[in-house]
Amino acid sequence: MKHDSDVLVAGGGLNGPALALALAQAGLTVTVVDAAPERQRAEDAFDGRAYALAIASQKLLAAIGLWPALATQAQPMNEVKAFDGRPGEGAAPFFLHFDSSELDQRPVGYMLEDRFLYRAFLDAMRAEPRITLIPATSVTAQEGVPGGIVATLSDGRQMTVKLLVGADGRRSGVAERAGITREGWGYGQTALVAAIAHEKPHDGIAYQFFMPNGPLAILPLTGNRSSIVWSETDANAEVIAALDDEDFLALLRPRFGDFLGQISLAGPRFSYPLNLTLARAYAAPRVALIGDAAHGVHPIAGQGLNLGLRDVAALAEVVVEAARRGEDIGALDVLTRYQGWRRFDSTSLALGMDTVNKLFSNDNPILRAGRDLGMGLVQSIGPLRRGFMRQAAGLSGPLPRLMQGRAI
Ligand SMILES: Cc1cc2nc3c(=O)[nH]c(=O)nc-3n(C[C@H](O)[C@H](O)[C@H](O)COP(=O)(O)OP(=O)(O)OC[C@H]3O[C@@H](n4cnc5c(N)ncnc54)[C@H](O)[C@@H]3O)c2cc1C
């Protein structure tokens, strides 16, 4: 059977391009179809979103050749401090402090703005002869045929490939059409996201304040800037999002505190309604899911993209090894190896973050006392604390080769 490409990736967000590059560099041909026009995210002014990339994710970006273009834009993160608090009250006495000097790994991660990461992916895909990029086009239908799968695009084109990968986000059409159902729930919370400029340097420290309505993360960007992810109840967030910039800052100040001096907005503001969505399978015949299409999680620990990049590294390794052995890369037994590697890990992390969010987005005095005690315990028990740090740095569990910075 003639195939138009070995692999078709539906979704050109972040995980789709990462997978396309990893596969193409190992010799496979890949088509990436993205519903969004490619200019939209690469524009310079689009600077609200930023990701806390674990060190294992940075190693993957280095292994697929992206890091030289990103290194000067990335802010190393050396410490994480978490506090239980209420707006305007200052920090509670119990807190967690993760310092990368305790691991043999410094820094523990990097903060990287979406505009730089997306631009680097776009440039690398354009430079890779084995990748065909089709922007502003959707995958609208898919049908298995002997020896392949036929995908129909919104412009009427049909493509036959060996493997269709759903990297099409939380409402994955690829998953739905493959009969993969989902479970999950809304958090009743919305994340307000913005870049904030401040007077004093952040020294590469990330802060997490657990407030009764949801966590506020203050994450270091390059220069005297930080990215905030401020989770509020949906109703509050709607009101706050509608405020003008000055009123927004007036409300943020008592939560943010004054430890970084005067603050101001350094870019536009964004809102993201928060929900949990977990696909019940990551594989079906000739179909695999990665990234948010497989698991959309709460941003409380900044792990969503990191989990997705782990999928990328694991699926690329499984598929490339299968191709080298002469196996059919779309066969269900090949894709089940990928699912077995990733599904338990992602589901347990997603549910862990769900529990932390529920436990901390609460002003119940008994829960407060319990969680403060828990934080105090983790803080005082060195091996436990270092275990959490290794988890956050993406260094725990069986790491795919790309996440160790090695070629497949
Ligand atoms: C407030 C917030 C803060 C976050 N902070 C962090 C953080 O600090 N660290 C971290 O690791 N993660 C973080 N995340 C999570 C991270 O943003 C996501 O996990 C990540 O962006 C998912 O990437 P993706 O490529 O899987 O999906 P998406 O970015 O959703 O991309 C999906 C793509 O698929 C395309 N598409 C959809 N349907 C179709 C179709 N039918 N055909 C073709 N294309 C289609 C869309 O156009 C889109 O480009 C955060 C998330 C939020 C909401």
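Predicted model: local features only at pLDDT ≥ 70, side-chain atom pairs only at ≥ 80, totals over all residues.
**Entry 1: burial and an exposed loop residue**

My test case was Asp-203, which I found in the loop between β12 and β13 (205-211). Asp-203 has 9 other C-beta atoms within 10 Å, so I logged Asp-203 as exposed. I also looked up its backbone: phi of Asp-203 is near 55 degrees, a positive value in a residue other than glycine. I noted this because most residues other than glycine have a negative phi.

**Entry 2: two arginines**

Next I looked up Arg-286, in the loop between β18 (283-284) and β19 (287-289). Its phi is positive too, near 65 degrees. Is Arg-286 buried or exposed? I found 26 other C-beta atoms within 10 Å, so Arg-286 goes down as buried.

Then I turned to Arg-253, which lies in helix α8 (residues 245-256). With 14 other C-beta atoms within 10 Å, Arg-253 is partly exposed. I also checked Arg-253 against Gly-12: they are 241 residues apart in sequence, and their C-alpha atoms are 36 Å apart in space.

**Entry 3: around the ligand**

How many residues surround the ligand? I have 32 in my notes, and the closest are Gly-13, Gly-169, Gly-291, Gly-304 and Leu-305. By type, the shell holds 15 nonpolar, 14 polar and 3 charged residues.

I then asked which elements supply them. At least two residues of the shell come from each of α1 (15-25), β3 (50-54), β12 (182-198) and α9 (304-324). The largest share belongs to α9, with 4 residues. I followed up α1, β3 and β12 in the entries below.

**Entry 4: helix α1**

I started with α1 and its cover. Just after α1, Gly-27 takes a positive phi of about 105 degrees.

One partner of α1 got a closer look. The axes of α1 and helix α5 (residues 114-127) come within 10 Å and cross at roughly 35 degrees. I recorded the crossing as left-handed. On the α1 side the contact is made by Pro-17, Ala-18, Ala-20 and Leu-21, and α5 brings Phe-121, Ala-124 and Met-125. I sorted the residues of this contact by type: 7 are nonpolar, with no polar and no charged ones.

Where does β3 sit in its sheet? I first wrote down the sheet itself: 3 strands form an open sheet in the order β3-β7-β4, with antiparallel pairing. β3 and β4 (75-77) stand at the edges with a single partner strand each, so one side of each has no neighbour in the sheet. Neighbouring strands here are turned by 30 degrees against each other on average, direction ignored. For the pairing of β4 with strand β7 (residues 109-113) I noted 3 bridges, and Pro-76 stands opposite Tyr-110 in β7.

Helix α3 (residues 55-63) lies across β3 and β7, running at about 95 degrees to β3. I checked its cover as well: 8 of its 9 residues are buried, including Ile-55, Gln-58, Lys-59 and Leu-61. Those buried residues pack against β3, α4 (67-70), β7 and α9. α3 is followed by Gly-65, whose phi is positive, near 85 degrees.

**Entry 5: β12 and its partners**

Last, I traced the strands that pair with β12. β12 pairs in the antiparallel sense with strand β17 (residues 270-279), over 10 bridges. Strand β15 (residues 225-233) is also antiparallel to β12, with 9 bridges.

Methods
Residues numbered from 1 in each chain as written. Near = placed C-beta within 6 Å. Nonpolar A, V, L, I, M, F, W, Y, C, P; charged D, E, K, R; others polar. Pairing = 2+ DSSP bridges. Axes fitted to C-alpha atoms, helices over the stretch in contact; angles between N-to-C directions. Contact = placed C-beta atoms within 7 Å. Left-handed = near helix turned anticlockwise from the far one by under 90°. Buried ≥ 20, exposed ≤ 12 C-beta atoms within 10 Å, placed from the backbone.
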